[in-house]
Amino acid sequence: MADQVKLQKEKSPLSGWFMIIPWAAMIIFAFHSITHMVGAGDTWVAMACGRHFLNHGVDTVEPFSAYSHKAGPTQQDIEKWPQPAKWLAETVGLKTVRAIHPTGWINQNWLTHVIFYKLATWLGSEENPHYNALVYWKIAVYILTIICVYYIGRIMKVNPPLAAAFACFALFVGRTFFDVRPAGFSNLLTAVFILILTIATYRNILYIWLLVPLAVFWGNVHGGYIYLFIMLVPYFGLNFITSFFKNKFVSIGPRGLKHTFAAGMVSFIAVAVFNPYHLTNFTHTFIISISKQAAQWRTVNEWHPAFEWDNPVGTSFTFLVFLFMFIGLLACWLLSYTLRPKLKQAPRSEMLRQKKYFSLFSKTIAAIATVFVFWTILSSFSLLSIHPASLAFAAGLALILLFSAYWGTYFVYLTVPLTMIALFTANPDTGHPGYMGRYLYPLFILPGFVILSFIAERINPEKKLDPIKLLHAAVAAAASFLLMLWIVDIDSSKFADYSQLLALKRVFRPRYEHNISINYSYLSPGLYIVNSLAVAAYLIKDILVSLYRFEPAPPTKLPRQTEYTPPRIDLALVAIAALTIYMAIRSRRFIPLAAIAACPFMAMFLEQAVRAFSAARNFHLNNRYIESAMPQYLKKTLAVTGAVIVVGLGTFWSLKFKHIYLDPWPTDRHFTSVFMRMTASDAKPFYACEFIRKNNLSGKMFNYWTEGGFIAWGQDPDPKTGKTPLQLFMDGRAQAAYQRPAYNEWARISYGGPIAARLIQRADLNNSELSKEDYEKIGAWINSQLKKHNVWVVLMPKKEFDKQFVRGLWHNPDWEVVFFNREQRLFVDITTKKGRDLKRKVRNEEAHFPDQYHRNLIVGHNLLYFDGTKEAKERGYKMAVDAFNENPCYTSIRSILYAGRFEYLQSKAAKLLENFANDFSENEEEYYHKDGYFLQSQAATNAYSFLRSVAARNNNKSLASLYSKRIEEVFEKSKTCVNSKRW
């Protein structure tokens, strides 16, 4: 019995205590996956919806906007339906139709919205929600996701560390798309769905019934539930086909097909029954997916193709690397089935023929694996252009190194002409800066040769790496490198100073490295170190082997190892993974799903291909069709390497998390929680909404569409109806709440209409800017459109301040700013009674402000700019000073600078700015380590600029030069500070 247990353990290498490392890696990668900063456009509308549903129930009456869907269907709606639908509606009655197929506001994410709101108020309160609770939700979701991905691989008998490694990779690939919104549930439930299919396929088909509760939950938390039903079709169909070929394919058989069909149908019915929208939950999905309007909504960036490199949503960099790996592993896995000997007992001639056959296909697999590994490594370091010629040159380099390591050392000299041709065909003058990364290829020759030689030696001891072979590879690498330095002009200097070699720059930045911050400052030194380590590894390899060698165990009579049986192909599950990848290629929002669905199968491809090669090799060498046990030295090497990687990444990411999410936050003094930083929510109109609330503003407003959800959240809804007093024009719910014409109208007005298009086109042709008169014309058109819609309030964020809409409104006399800060401007139409009353209250200090800072800032600004009396301006200046002292920033210093225009305030303003500038210079390091440093630095650069102009007027050139220098220093330091707080 003990011998059998020992044999069983031998079949699962790297298990037992070693699993501490993979589990630690999964936890670390799960935490790392949630650290990316993604704007919270959908999060705030989720909070508003969750509050509404808890207080007023789930219905189709939209409470936040004047232009959203209206609840129905009404009799007028039914009249527009096709005749069969009209007949059915008349037969069952309008009340029944509304019950089973309601129309209007269809919120398929309603349960997620309730969960978000309950989490935030449960850990906080309704008055003061604990927003970090949503960060905890995100952590929990992706820890559960990585565990599910891991167990998918384990159920398919993938070695535990390998399953863990690819589970980590799945979250790494999708990281830039993970945000705090309902789609997070779809990411998790995709993993749960495939886990259920895997358990049902490999353990017991009755587990397929877990799809019913999964579908019900998924159908209420996110519209992505439709993925479950889409993928059940190929799962059922391919299992039906493979049921006729059970010897070659995994199949659930006739019994499994019956249960799958039944579970799918029950799931479909359950999703309709246990959902507040019933049948509409399905029809709405198709309306937003395949209708005429759906095509228009899909212009949103997240629906664009994965390889649209300049897309600002997420990054497909890691997905490209993932795709290289998937295709390479799939090809090697499929080819590995050709390695199986057709006859175990045969005449010598037949056995020799089979051996040649094995040799041919194993070499083919080795060539494919080497090429894809090389592509993966080069693309990972952004040194591979996605161009046929670049792919061909990289593949050629990989194959030359493989041939030189296994077949003949002299092949390595082919790398010299190859690298030169690669460089000459990538002339930077043709639009390929940095020679498309090919100038660093010589630095891959020596380490690539050494690694492939070590592998070749393990496969065939006769291919031993000796000093002469190493010397040939070193000579080829050096020749390629020196020729490159001599011939190629990379930095416009041809390396006249060879000390530049120590800091060879990465001057190539491929298109796919978009929307992601990667620092390769130490790439060339790192490659020099790798080359040195390659030589060192050869010199000390015998010492390393002796260190890792174990004493042989005492001889024991073990049961004869069972013959290797090639696993059957699971066509259904592999097809689901491939289809999900195709979905991601078509639409980048599915990149996380593709990684989650495919990574377990990539681990399976790798393991099964290695096992198949090992067994076939043993058959042809030792006449035993069995797998080789993993050598002890390799186990220890992998253990040490894994531990180093886990500790290194864990330490690095922990320190980075502290620096970004826990240390002082430079761009705000108040909204500094982890959630606020992670979602850039400090820019949201917290104070503007408080101003709206305190002054009981109601009616219709015009807003920036992605801010609409927060404005809904920031208001006090009517306790009876749930409607917000100030109704939105548009928000980020898109087709869930609006018809396409409503969005088109918002877009037309926010752009400035046809008059703005005409004036902008004219300015572009003349290479000029829009004039004041142009903005007045745009403002007049916008004013007419807003009056047409009875809009009297406009709230716009900072990023729109310089756009034609805000500037046009600014130049229109009918509109005036009554509230502002560094993030928002709130305009009102002063031709309306509400607008006039609010303007009067603000001017007379009768309005309610969020806090004393905003009162001083806004009232002081109004007194300085709009009141002509000296007394009013002096009082305005005092209020502006109070605002500035409380919150020194770009917005508060503007009033101080404006006050300096008046003779009786000039000396006071100059003295204040001088004192502030001196204080900032003396205590900058202290301010650097406090919240809001960037805001203070902006105020300081404005103060320095003012003082520089004073020094220039006084002809004090040295002092003016000193202030110029300080402006540059503070600007660079603040820029570095802000850039270091991005992840």
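Trainee: What is the strand order in the open sheet of five strands?

Mentor: In this predicted model, the order reads β2-β1-β3-β5-β4, and the pairing is mixed.

Trainee: What makes β2 and β4 edge strands?

Mentor: Each has a single partner strand, so one side of β2 (726-727) and one side of β4 have no neighbour in the sheet.

Trainee: How do you know that β1 and β2 pair?

Mentor: Pairing takes at least two bridges. Strand β1 (residues 699-703) and β2 have two bridges, in the parallel sense, so they meet the definition.

Trainee: Which helix lies across β1, β3, β4 and β5?

Mentor: That's α32 (residues 772-788), and it runs at about 80° to β4.

Trainee: Okay, on to α35. How do you know that its span agrees with its 15 residues?

Mentor: Take 1.5 Å a residue: helix α35 (residues 852-866) should then span 21 Å. Its end C-alpha atoms are 20 Å apart, so the two values agree.

Trainee: Why is α35 called mostly covered?

Mentor: Buried means under 20% relative accessible area, and 12 of the 15 residues in α35 are buried. Among them are Y853, H854 and R855. The buried residues pack against α28 (686-694), β4 (815-820), α34 (833-843), α36 (870-886), α37 (890-899) and α38 (903-928).

Note on methods. Residues numbered from 1 in each chain as written. Predicted model: local features only at pLDDT ≥ 70, side-chain atom pairs only at ≥ 80, totals over all residues. Heavy atoms only, no water. Helix = DSSP H or I, 4+ residues; strand = E, 2+ residues; numbered from the N terminus. Expected span 1.5 Å × (residues − 1). Buried < 20%, exposed > 50% of the residue type's maximum accessible area, 1.4 Å probe, protein only. Contact = heavy atoms within 4.5 Å. Axes fitted to C-alpha atoms, helices over the stretch in contact; angles between N-to-C directions.
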